[in-house]
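Me: Got a model I'd like to go through with you. Can we start with the aromatic side chains?

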Amino acid sequence: MSRLQLKSHAEVIKIGRLLGEPPERLGYLERLRPDDLRVLRELATDAQYRSDSARFQRIAFASRLLPVTLTALIAQKAFGPLLCARIAGVLETDHAIALADRMPTGFLTDLATQLDPRRCSDIIAGMPAEQIAAVAEVLAGRGEHVAMGRFVGHMTDEAIEQSLAVIDEPSLLRISYVLEGDEGLERVIGLMSSEQLRGAIRAATEHDLWPEALDLLGRVSEELAGKLGDLAAEEDDRVLCGMVKTAQGDDLWDAVLPVTRAMAEAGRRRFAELQSIHEPEVLRAIVRSAVLGESWRDLLPLVPLLPREAQLRVWSEVLAVADALPVQRLRGLAAEAIELGVEDMLPDVVGAAGAAGLWTPALRLLVALGPDLHRRLAPLVADLPAGQRAEAHAHARELGLLGDIGVLGEALAT
Amino acid sequence: MNESIRSTLREELGAAPPFFLDDLDDAELADLARALSEARSRQADALEQAIAKSMWFLPWGLRGAVRKVLLG
């Protein structure tokens, strides 16, 4: 199941719970996008509340006429968790918190799975942190990650910290995957200790949760993703290889490459030294993701850190993929590469063209760059080793492209 | 989406059906409308039963007043 399918599935679970239907009955909704399903869920939630809003208001009013202990008893014995969750949306905050204080954790947990946190944000924020943590622990124990994911954005830092202390790391990753609002995710991670973060990274490998972990890395700020990447780089090869395996198997290099760019040099170097990313099919997938997607800028700083053979393979893959790209895209990639300083890498690109027999696509690529980029590249080309320049010049002449590469031809001839 | 289903969904959602529902076929949309309707009915029935049951927990003297507030 892809990332989007998993998120759609989580939304269908929420809609099923709202409507009192097993999610299987609503399986056809999984074809819709998660963002669209969220809109549908909110519309359906509003409709459910609206249809009995007058009665909910009267019940809320009547609840103020009775002692809190009696109201809490009636809530549990007569109304049950579902209706209490609906009525909570119209209760005054202080009254709701006082009632919750007299309810057992098990009942509050059942109620929490039915609650619309948007309507009860002040109540969630106002409840004692230890009570929230107790409910969170039971929810996590029941595997109610979807329900938990809805609450986090409404919890106080203190409640989050106490909840983090009682929820295991695999559950944290599963919750993060369905957590609503990326700001909440950033806040939770900010409140986790380095040891908890390391535990979550290990859990990703031990519990096969790298898809969840990579999704998380793609949703937090670049700075935080880099910090998490550095922590991962401190783990043993088995952990990092788990990440590589998932990125490769689920085609998630677009999530991993930006993280490597945000990592500190030592972490990036450790990542580049991993045997598992030197595999030809892995390098091919990385290059395709970078060149065809949005991660080209993220790949370039990684290349010089790879072993020589892997570097040559990267460049030959780049040349092979670039051969099929539109001219505008090629020019964009080349301009970015020049901006990032490709001087040191250019001999390897030329070397890869020779070693892999890719002179034709390499020279066609140069032709496509146009006069402006030719002028910017000329000084770099002039600095190439004499043997490489001569070989490139000979091939350009043989292919009849010397006239099309303008000043580059002159730089190769010097 | 045929007009009959569009109208039913508008009634159940209390708003115009969002455009992305056009990706579902009419049978699926009809099932969605039915699920929405059944959920509302179940909620209304559960409320009535809960209100009736709540009277059992009230002192005699309060039942009339609370019932009046609850039922309007």
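Me: B:Phe19: buried or exposed?
Reply: Exposed. This is a predicted model, and in it B:Phe19 has 65% relative accessibility. The cut-off for exposed is over 50%, so B:Phe19 counts as exposed.

Me: And B:Phe20, buried or exposed?
Reply: Buried. The relative accessible area of B:Phe20 is 3%. Buried means under 20%.

Me: How many aromatic pairs over all chains?
Reply: Two.

Me: What kind of pair do A:Tyr49 and A:Phe56 make?
Reply: Edge-to-face. Their ring centres are 6.3 Å apart, with the planes at 65°. Planes over 60 degrees apart count as edge-to-face, so this pair qualifies.

Me: What about the rings of B:Phe19 and B:Phe20?
Reply: They pair too, with centres 5.6 Å apart. Their planes are at 80°, so that pair is edge-to-face.

Me: Back to chain A. Are A:Tyr49 and A:Phe56 buried or exposed?
Reply: Both are buried.

Me: Which charged end sits over the ring of A:Tyr49?
Reply: That of A:Arg119, 3.9 Å from the ring centre.

Me: Where does the charged end of A:Lys7 sit?
Reply: Over the ring of A:Tyr177, 4.4 Å from its centre.

Me: New topic, helix H17 of chain A. Which residues are buried there?
Reply: H17 covers residues 253-262. Its buried residues include A:Trp253, A:Val256, A:Leu257 and A:Val259. A:Ala255 and A:Thr260 are buried as well.

Me: What do the buried residues of H17(A) pack against?
Reply: Helices of chain A. Among them are H14 (210-219), H15 (222-233) and H16 (237-249). H18 (265-272), H19 (280-292) and H20 (296-299) are also packed against.

Technical notes
Residues numbered from 1 in each chain as written. Chains lettered and ligands numbered in written order. Predicted model: local features only at pLDDT ≥ 70, side-chain atom pairs only at ≥ 80, totals over all residues. Heavy atoms only, no water. Phe/Tyr/Trp six-rings, centres within 6.5 Å; stacked < 30°, edge-to-face > 60°. Buried < 20%, exposed > 50% of the residue type's maximum accessible area, 1.4 Å probe, protein only. Lys NZ or Arg CZ within 6 Å of the ring centre and 35° of its normal. Helix = DSSP H or I, 4+ residues; strand = E, 2+ residues; numbered from the N terminus. Contact = heavy atoms within 4.5 Å.
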